[in-house]
Amino acid sequence: MKSFEYYTKTSAWAATLLTLGLLAGCGGGEWDTDANTGTDTPDAPTVTSTTPVNEAVGVTTSTAVNVTFNGAMDEASITGSSFTLTGPDSASVAGEVTYSVANMTATFVPANELEFDTTYSAAVTTSAQSETGQGLASDHQWSFTTVTDDTVSEPITPTETNPVEAGTGVCTNKSPSATFNEPLEPSTIVSPATTFTLAETANTFTVDGDVSLDESGTTATFTPAQALNPDLEYTATITTEVEDVNGNSLEEDLVWSFTTSDSFCQQTITLGATEPYGVLSNTGVTLGGGPDSTTGLRVDGNVGIFPAGACIGCDTTTVSGVIEIGTVTAEEAITALEAAYNEATNRTTNVCTLIDSGVLTTNPSAACGGNADGVYSPGLYWSGSSIAIPAGGTITLDGGNDNDAVFIFQSESTIDTIGGDTHMILQNGAQAKNVFWVAQSSATIGGTNSDFAGTILALIGVTVNTGTDMEGRALARGAEVVIQDEALVTVPTE
């Protein structure tokens, strides 16, 4: 990989771009700062997803194989030589390779149907290059196994609905979904098909909306054209006219109901460019005991600093992702952090005021949903002072069987989990990616034998104490982020 210094010395045009601050924003990958030379180098492109996924089973014999990259690729480098499919005994599978510029996705379409009950291996080699000429750091390989002949005629089976049957307290902005055991034929369920409907249970009034499929083809989602009515039961129906890619259908209609409530519902906070970051600061970061620390991984995700600052203890042993210091990418993340912080602090609708100076183990009050002390339904919670979990304290976030349930905790001052042995339980669909902690001062999290969940948006700094297992993000607008030894921050999965 050629250094950034090489490009600036050998190209007058690159020098001009550098002056304008544009070169680091070119397509085909991000730019990193070399910790030893202080120069910027373009990242090697990486694979972000594949379909079928690695080690998938029951894959239809008519499948196309897709691979998506993290940035724009050189279309000319995506060929039958750089993207291959092989069967048993490494026999090559004939097919056509195409590349979608808009989706940054390469597709291999086999010339003939694949064999039943057979394992195939797909590979993208280092010959696949970004627009800036950077090849993959190493070959990316994955495998999948096709469906057996005797299962082709099996009916589709639903595996999950969201909300669940008879779910209550469902937010009015909910988009109901159902997941199946195998990919569906899009034309039988995606709008304008009429096989997935939503209606008010009492009067069968039909809700307007659109149906879509996820990338895997197994989850169908009904997105209402407008918010649902509060305190009302709805019935979702998927009919037997839905088929999988082999022409099989449901044995019977899938029907389930749920009841809405708008008492404390909240939309998620828009994180934007901050999403891949476990740690983000505008002044500096310290991980573990410094450059000589041997305590291992501290951040399972990216680390960013902008406009400048030291990144003490930051290397490939302490950070699993990219380290961005003073780059355009880091600037974009800080800008997104400021927007997310402002969005979160400006939330006031359906707010519930915490009592007892924001000590979470003695909340919520009856006005916050009537739960037991320390048990929280989805919603927006505010304290005019601090928010704290005392040493030895445990709180529970109850999603009410809604995987999209959002929890926001706003503090006019600090957020502290004081001392060790503090815990957070996520249940009934609550997920760390949907939990947000907003501190208008600093945040100090955990200690020995502690865990924590959610994204911290702090006006000043964040410290994650020794011995804390945190699934979330430590994002600070105005001071340093410190992740002490034997602490780990893991970016939530999406």
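Which residues lie nearest the centre of the largest pocket? They are Gly58, Val59, Thr60, Pro183 and Ser216, out of 26 residues that line the largest pocket. A pocket here is an open set of points on a 1 Å grid over the protein atoms alone, with protein on both sides within 12 Å along at least five of seven lines, and lining residues have an atom within 4 Å of a point. This is a predicted model, in which local features need pLDDT of at least 70 and side-chain atom pairs count only at pLDDT 80 or more, while totals for chains, interfaces and linings use all residues. Residues are numbered from 1 along each chain as its sequence is written, and side-chain values use heavy atoms, with hydrogens and water left out.

To start with the overall picture, the protein chain has 3 helices and 39 strands. These are DSSP runs numbered from the N terminus (helices: H or I, at least four residues; strands: E, at least two). Of its 494 residues, 47% count as buried, where buried means under 20% relative accessible area, exposed over 50% and partly exposed in between, with a 1.4 Å probe and protein chains only. Take the contacts (heavy atoms within 4.5 Å) in the protein chain with a separation of 6 or more: 63% of them are accounted for by residues 24 or more positions apart.

Back to the pockets. The largest pocket holds about 620 Å³ of space; such a volume is the space filled by probe spheres set on the grid points, which are joined across faces, edges and corners. Strand S4 (residues 56-59) gives the most to its lining, with 4 residues. By type, that lining divides into 10 nonpolar, 13 polar and 3 charged residues. In this scheme Ala, Val, Leu, Ile, Met, Phe, Trp, Tyr, Cys and Pro count as nonpolar, Asp, Glu, Lys and Arg as charged, and the others, Gly among them, as polar. The second largest pocket has about 490 Å³ of space. Its lining is made of 27 residues, with Thr268, Asn403, Asp404, Lys433 and Asn434 lying nearest the centre. Strand S11 (158-162) and strand S13 (177-180) are the elements that give two or more residues to this second lining, which splits into 7 nonpolar, 13 polar and 7 charged residues.

Next come the cores. A nonpolar core is a set of buried Ala, Val, Leu, Ile, Met, Phe, Trp, Tyr and Cys residues joined through side-chain atoms within 4.5 Å. The largest one has 43 residues, and Leu360, Leu397, Phe409, Trp437, Ile456, Val462 and Ile483 touch the most other members. Its largest share, 4 residues, comes from strand S35 (residues 450-458). Another core, of 23 residues, lies apart from it and includes Val47, Ala56, Phe108 and Leu136.

There are 11 aromatic pairs in the structure. Rings of Phe, Tyr and Trp (its six-membered ring) pair if their centres lie within 6.5 Å, and planes under 30 degrees apart count as stacked, over 60 as edge-to-face and the rest as tilted. One of the pairs is Phe196 with Phe222: the ring centres are 5.8 Å apart and the planes sit at 55 degrees, so this pair is tilted. Because Phe196 lies in strand S14 (residues 196-200) and Phe222 in strand S16 (residues 219-224), the pair ties together parts that are 26 residues apart in sequence. Phe196 is buried, at 2% relative accessible area, and Phe222 is buried as well, at 3%. Then there is Phe409 with Trp437, a stacked pair because the centres are 4.3 Å apart and the planes are at 10 degrees. Phe409 has a relative accessible area of 0%, and Trp437 has 1%.

Arg298 belongs to the loop between strand S20 (285-287) and strand S21 (299-300), and with 4% relative accessibility it counts as buried. Arg298 and Ala487 are 189 residues apart in sequence, yet 6.1 Å apart in space, C-alpha to C-alpha. As for the backbone, most residues other than glycine have a negative phi, and most peptide bonds are trans. Asn162 and Pro163, though, are joined by a cis peptide bond with omega of about 5 degrees, and the bond from Phe306 to Pro307 is cis too, with omega near 15 degrees. Ser90 has a positive phi near 60 degrees and is exposed, at 61% relative accessible area.

Note on methods:
On a 1 Å grid over the protein atoms alone, a cavity is a set of points where a 1.4 Å probe fits but cannot get out, and a pocket is an open set with protein on both sides within 12 Å along at least five of seven lines; lining residues have an atom within 4 Å of a point.
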